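Please look over the structure shown here together with its sequence.

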Amino acid sequence: VTYSNNTVLHLPKYKRKPGAKKELTGVDVFVQWNGTEPNELADQLKKIEGFITGFESLQFGATVPNYSELSITSVLLNGLNVNYAIGNCSVIAVAGRINDNSTFFKPDREQRTFSKLYVAGFEQQITTNSKYGLFVLQSDFSDQDSLSFYNFLEKNNTIAGKFSTGFFKNKLKAEGEIAISYAENKDIIGFEEVEEEVTNVPNFWLLQSLVQKDDLATGTFTDKAAILSLSSTFFQNKTTVAITGRYVGTGFYTPGNPFLINDLMNVEFGVDQSLFKNKLQLSAHVIKNQDNLEQLKEVTTSYYNLRAGMKLRIPKYPMISIDYLPNVIINEFDQIQVNTLSAITAYNYRLGNIPCLISFNYMDIQTLSAENDSTNFNSRYYNILNNFNFKKFDIQTCFNYNEAVTVTEAVIFSI
């Protein structure tokens, strides 16, 4: 075999074959592109990719939107949840219905107790450490004559705003929320219809919230709520100190958080400490709650909650977590102390080629009353759980034991 040094290699110019005939059958989808320039196709795909990646959330059916405590959080919604980012802004839309609790466990096609919820929101990232958002919520209850697991209202509209920012080179962080609500509750709790029309009240619910006070005759409530939290880190971000204040008015309701407790003022101070390269974490928190903010009830109750915790994580050793929560409840008639001690340990191991997880849980609850010794008791709970994680299925073994002891002797204490 011989090769010439000046041999010219002739290649025919590429010609794309004609597109094959394609037929759409059923739900099959295909894209036909007749271009020849690959960069042109890449540019078109980038536009599609940019549009798709803008969806931070796109959920249909059962969804749990979580945006803020005073707007919408911790509620199971059957509907649509969309969060689309445009640059440093996000547009939020939520629509659907909040079902009654009976549909959680057993679907009931005849169930008609639900609240229709609509949410429009907007969030903007101003700087790396600063962000704000605004939400408008509207809901209507479909069946006012039914008792519901949720705190459904005949009508409930809320405007909520939230913010987060940093000061002193982000060493001090501040975040909070403020909200105002308008609610009608007359058909649920038995308010009678008012024959005379109420005058000098704007028709738009937001203006009603601003100028109108609670009206027990018509069953309408307007109120406000606010949350403010300040936190700072020290010692190379190993120590975090935070203080949070929360005020929820007596007549404040938000349809996106049916579990929110109103008529409550709350102050919490906490310190969290990480040691030994985050292997040991310590925490201590003090919380005070008080209700009856407008003195509408005969009894005012104060709650004092203390929480101290320790968590130890060392590679190849069991995880250990211990929490102690002494709580004191005080009103004009009694003073009750509830002490809770909980401990959890968990360990990952292998049984041959099978990865396993074993855990042990212990909880001790002690209740002491200063006035009523019949409420004094002590309860202990034990749980051992073992998981065997096979490739296609899991096997779980569990052992539970609970014991309770009633203490008949009254105990007097002070705070």
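This is a predicted model: local features need pLDDT of at least 70, side-chain atom pairs count only at pLDDT 80 or more; totals for chains, interfaces and linings use all residues.

Residues are numbered from 1 along each chain as its sequence is written, and side-chain values use heavy atoms, with hydrogens and water left out.

**Second largest pocket**
- The second largest pocket has a volume of about 240 Å³, a volume being the space filled by probe spheres set on the grid points, which are joined across faces, edges and corners.
- A pocket here is an open set of points on a 1 Å grid over the protein atoms alone, where a 1.4 Å probe fits, with protein on both sides within 12 Å along at least five of seven lines; lining residues have an atom within 4 Å of a point.
- Its lining consists of 14 residues, of which F163, E175, G176, E177 and I227 lie nearest the centre.

**Strands β6 and β7**
- Strands β6 and β7 pair in the antiparallel sense over 13 bridges, pairing requiring at least two DSSP bridges between two strands.
- Within this pairing, T158 has S181 in β7 as its bridge partner.
- The two strands form a hairpin with four residues between them, and F168 in the turn has a positive phi of about 55 degrees.

**Residue N378**
- N378 lies in strand β16, residues 377–389, a strand being a DSSP run (E) of at least two residues, numbered from the N terminus.
- N378 is buried, with a relative accessible area of 10%, where buried means under 20% (1.4 Å probe, protein chains only).

Terms used:
Buried means under 20% relative accessible area, exposed over 50%, partly exposed in between (1.4 Å probe, protein chains only).
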